[in-house]
Structures are given as structure tokens and as C-alpha cells.
Amino acid sequence: MSRVYNFSAGPSCLPEDVLKECAAEMLDYNGTGQSVMEMSHRSSAFKPIIEDAEKMVRKLMNVPDNYKVLFLQGGGSTQFAMVALNLGNKKGKAAYIETGVWAKKAAAEAKALGIDVDVIASSKDKNYSYIPRVEKISGDYDYAYICLNNTIMGTHYEYIPDTGDIPLVADISSCILSEPLDVSKFGLLFAGAQKNLAPAGVTLVIIREDLITETPRANTPTMLSYKTHADADSMYNTPPCYTIYVLDKVMHWIEKNGGAEGMAKRNREKADLLYNYLDSSSYYHATAEKGSRSLMNVPFLTKETDEEKANAINKKFVKEAAEAGLVNLAGHRLVGGMRASIYNAMTKEGVQALIDFMEKFAKENA
């Protein structure tokens, strides 16, 4: 069977060049006679892999010297707790901007851990279809929290709030290295790997050193302290070795393709192609408002207003698209319809193939 175009929100498609490299090294990595999957994380063979992965993250994201790069586990959802436990240790109060499911879950987790959560803005009034404009955040907060790109709703911050001395935390799981980002504007960034970096399994954390505290909130488990992992260079326990190995290869692929700037150009071309089609269509429409649209996740609906008919059409679209080699296009239940996730590894040809199918489907079903 030939390769399909995979529009999954995550785990998502990986660059084919990277997959081929990994396949070629599966039984024998670099003359060791073993797979990275089998390697001791403390071996002389694995050490250069994790060191190079950190070096490439620092290079491609221009990470300042006073930030630590950590390779952790537990996904973005574990970071909801780690952020609250480690950064909410002074005043016990934090500001959250609620722009969808993941920001809402992060706020709920912080609240459950005893943080006084102040939701300073929300786009819930329009089913999270836009990003509220909060230019400046001030107040007696330990930190401020945003989700930079909202996978489910297909929205993205086109600005970075000015938080002054308040550390700004951002979940960048679904937009990391999709475009340049000024790390110095944030106290902490985190990203689950399974969108733009690697297979699921590793979570990248970039944290300013002054935020790595000796004394997180009371009763914080050892594994949920950033200091634990920073002091041990991400080797306190067995890290997800193979995922870090793939991440390192993806970093080199990004570098070969122009770095963050190259990814931004590639991604804007793909997103413009799809949004322009949706905006000109008499059959489909994008759900995210202009000015807040994600380059990575594009939810869309048909213009069928009858709920029962719309559901039937959506199922038919997803089924026929899969038969045409365009897979994982079902929308999230909170938005409905369809969703095309067009992460870094998705090609422009894949997006054009989707548009061609959409046009054909519209003619047959309008």
C-alpha cells in the first residue's frame, strides 16, 4: 500500500526522510549492533544522541543560555500540574487565558492543586473560535498561562501578551517550531512531541533557570519537580530514549529545510492554500475567526445546517476521504465537522490533494 496523507491532530505524520533514516538504523545504530530502542540510557552510545538533541533545540529555537532544556515524560497534561506545583509556590495565585479545552484543563488542574486561579479572559462565548486580545497582564501573580495554539479549535495567538515581571508560561505542543518564537519572552515553554517533534513519549520543557526552585509547593512528588530533572540532565529516571532519538533527527530535518523561518514559509503556504479555498467555497467554511487562525490545525464544516444531515455528510466525507488516501480528518466532537492538521511534515501536495477531494465531494453532495 502506498503512503497516505495523514491529517491526524496527533500522533501526526513525520517527515519521510526521518522515517527512512530510522528504518535503516533500526537493527544497527551507528555500528553498535543494536537499536536505539534497546540501548541503555547511560551508555556511551546514547549520550551523544541526547546531547545533540538538546544542542539542536537550542540552536533552532535560539534558546538563551539562562534556560534549561529538559526531556520529560507524561505529555502536556502532566505539565499542567508541574507548572502549578513549581511556579505557584510563592503567592499561590496565577492568571490563565482560557482559549479552549487544554487551557481550561490546565486551569482546572492548577485549581485542584490549591492555586488561586484567575481566568482573566476567555473565548468561551463563541465556542473558543477566537483568541481574546489581552495585550498586557499585570497583578499579584506567580505566573500567567496561555495555550499558544489550540489544536481542537484551530486558533493561534498572533501576539504575545506583555507580562512584565510575571513569568509567562505557554503550551506550544501543537505549534512548536512551526514558526520563529522569541523564547526570552517566556518563563517556561512546553510541548508534547507528537505533533511536530517526534512520536508520542517525550515532552520538551524549556524553563528559565531562576524558576527552577528548591522548594516547590508542599508535598510535590520528586518526579514532578523541575529541579529533579534539571540537576540530573533529564536522566533522573530512564528517559524515552527512542523518541528523543527521533526528535534529534526531526531537528536536523528542520534545519535542512530552513529552520523555524523555513517552516514558517512552508506552513503559511499550506495554510493560505486551504483557508483561501474554504473562504471562497459555497459548500465549506472554516470555524476559526480570521486574525486567530492556526497554521497547524484547520477545523471546517459544510454549510449544511440540519444537524442530522450534517452528521451524515461528515461521516460520508471522512469515509470517502480515507478511501482516497486522506486519513484522520474527523473533527473533534466539540467543534464537529472535519479537521485537517497540517503540521510541519505535511506537504503542500498533501494539502492540494485534500482540496481536490473537497471540491469533488462538494460537487457530488451539494
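This is a predicted model: local features need pLDDT of at least 70, side-chain atom pairs count only at pLDDT 80 or more; totals for chains, interfaces and linings use all residues.
When I say helix or strand, I mean DSSP runs numbered from the N terminus: H or I of at least four residues for helices, E of at least two for strands.

Back to Gly201. Its relative accessible area is 36%, so Gly201 is partly exposed; buried would be under 20%, exposed over 50%, and partly exposed is in between, with a 1.4 Å probe and protein chains only. Leaving aside neighbours within four places in sequence, Gly201 is in contact with Leu72, Gln73, Pro240 and Thr243, contact being heavy atoms within 4.5 Å. Gly201 and Pro239 are 38 residues apart in sequence, and their C-alpha atoms are 9.1 Å apart in space.

Now to the strands on either side of that loop. β9 is largely enclosed by the rest of the structure, because 5 of its 5 residues are buried. Leu188, Phe190 and Gly192 point one way from β9, Leu189 and Ala191 point the other way, and all are buried. Which way do β9 and β10 run? They run antiparallel, joined by 5 bridges, and Gly192 has Thr203 of β10 as its bridge partner. For pairing, DSSP has to find at least two bridges between the two strands. β8 and β9, in turn, pair in the parallel sense over 3 bridges, with Val169 opposite Leu188 in β9.

Gly164 is in the loop between β7 (155-156) and β8 (168-171), and with a relative accessible area of 54% Gly164 is exposed.

One more strand here: β3 (residues 93-98) is mostly covered, with 5 of its 6 residues buried. β3 runs parallel to β4 (residues 116-122), and 6 bridges join them; Tyr96 is paired with Val119 in β4.

Let's turn to the open sheet. Its 3 strands come in the order β11-β12-β14, with antiparallel pairing. β11 (284-286) and β14 (338-341) stand at the edges with a single partner strand each, so one side of each has no neighbour in the sheet. On average, neighbouring strands of this sheet are turned by 30° against each other, direction ignored. β11 and β12 (residues 297-302) are joined by 3 bridges, and His285 stands opposite Leu301.

On to helix packing. How do α1 (residues 16-24) and α6 (residues 241-256) pack? Their angle is about 135°, and their axes are 9 Å apart; axes are lines fitted to C-alpha atoms, for helices over the stretch in contact, and angles run from 0 to 180 degrees between N-to-C directions. α1 and α6 are therefore oblique to each other, a label for what remains once angles under 35 degrees count as roughly parallel, over 145 as roughly antiparallel and 65 to 115 as roughly perpendicular. The contact includes Asp17, Val18, Glu21 and Cys22 of α1, and, among others in α6, Tyr242 and Trp253.

The second pair is α3 (residues 75-87) and α4 (residues 101-112), with an angle of about 45° and axes 9 Å apart. That makes α3 oblique to α4. Here Ser77, Phe80, Ala81 and Ala84 in α3 meet Trp102, Lys105, Ala106, Glu109 and Ala110 in α4.

Last, some backbone details to check on screen. Most residues other than glycine have a negative phi, and most peptide bonds are trans. Gly10 and Pro11 are joined by a cis peptide bond, with omega about -5°, and Pro11 lies in the loop between β1 (5-6) and α1. Asp233 has a positive phi, near 50°; Asp233 lies in the loop between α5 (226-231) and α6, and is exposed at 55% relative accessibility. Asn328 has a phi near 60°, also positive, and is in the loop between β13 (326-327) and β14.

Notes:
Residues are numbered from 1 along each chain as its sequence is written. Side-chain values use heavy atoms; hydrogens and water are left out.
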